[in-house]
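Here's a quick walk through one model, looking at a loop residue, the nonpolar core and the strand pairing. Have the structure open as you read.

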Amino acid sequence: MSNGPLPSQLCLLSDLPSKAVGDKVRFLACVTSYSPTSGVVTLEHHRPKDVCFVHAFVDVNLVLEGLKSDQTRTGEWVNVIGYITRISPLTDEKPNSGDAAVRIQALLLWSAGPLDVTRYETSVKVLKE
């Protein structure tokens, strides 16, 4: 029996709505905006194309001290480990579409550096199987 923290679940951004509030997750996504006043980074990943559209709103207030400007720059790919704090439909117009807004409390956020997004998606899918 371990008294340490639970490990994070590696997943694609599109998998986040199927998780539960309180789950610890790790995912990769692209920065679309950052609000310094609220300390929230908005992340998206429009692939794979056949799945729902998900916005991740990542609260980075706990990691601000170590955050670098390039990690909040629009277009930057970042890795996130954190806890899901809320999952809600993206719009009230199509509540069953699977499109969602997921709120995350970040424990870690770091730059992904150069990457092959398709290869990353394939690797995560293989790990899930």
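## Around Glu 76

Leaving out residues up to four places away in sequence, Glu 76 touches Ala 29, Cys 30, Val 31, Asp 70, Gln 71 and Ser 111. Keep in mind that this is a predicted model.

Where does Glu 76 sit? You'll find Glu 76 in the loop between strand 4 and strand 5. Is Glu 76 buried or exposed? Its relative accessibility is 15%, and because the cut-off for buried is under 20%, Glu 76 counts as buried.

## The nonpolar core

The largest nonpolar core holds 23 residues. Those with the most contacts inside this core are Leu 16, Phe 27, Leu 43, Val 58, Val 60, Val 80 and Ile 104. Strand 2 (24-35), strand 3 (40-44), strand 4 (54-59), strand 5 (77-89) and strand 6 (100-111) are the elements that give two or more residues to the core. Strand 6 supplies the largest share, with five residues.

Take Val 80 for a closer look. Setting aside neighbours within four places in sequence, Val 80 is in contact with Val 25, Arg 26, Phe 27, Leu 43, Val 58, Ile 104, Leu 108 and Leu 109.

## Strand 6 and its partners

How do strand 4 and strand 6 pair? They're parallel, with six bridges, and Val 58 stands opposite Ile 104 of strand 6. Both Val 58 and Ile 104 are among the core residues with the most contacts.

Ile 87 has Val 102 in strand 6 as its bridge partner.

Technical notes
Residues numbered from 1 in each chain as written. Predicted model: local features only at pLDDT ≥ 70, side-chain atom pairs only at ≥ 80, totals over all residues. Heavy atoms only, no water. Core = buried A, V, L, I, M, F, W, Y, C linked by side-chain atoms within 4.5 Å. Buried < 20%, exposed > 50% of the residue type's maximum accessible area, 1.4 Å probe, protein only. Helix = DSSP H or I, 4+ residues; strand = E, 2+ residues; numbered from the N terminus. Contact = heavy atoms within 4.5 Å. Pairing = 2+ DSSP bridges.
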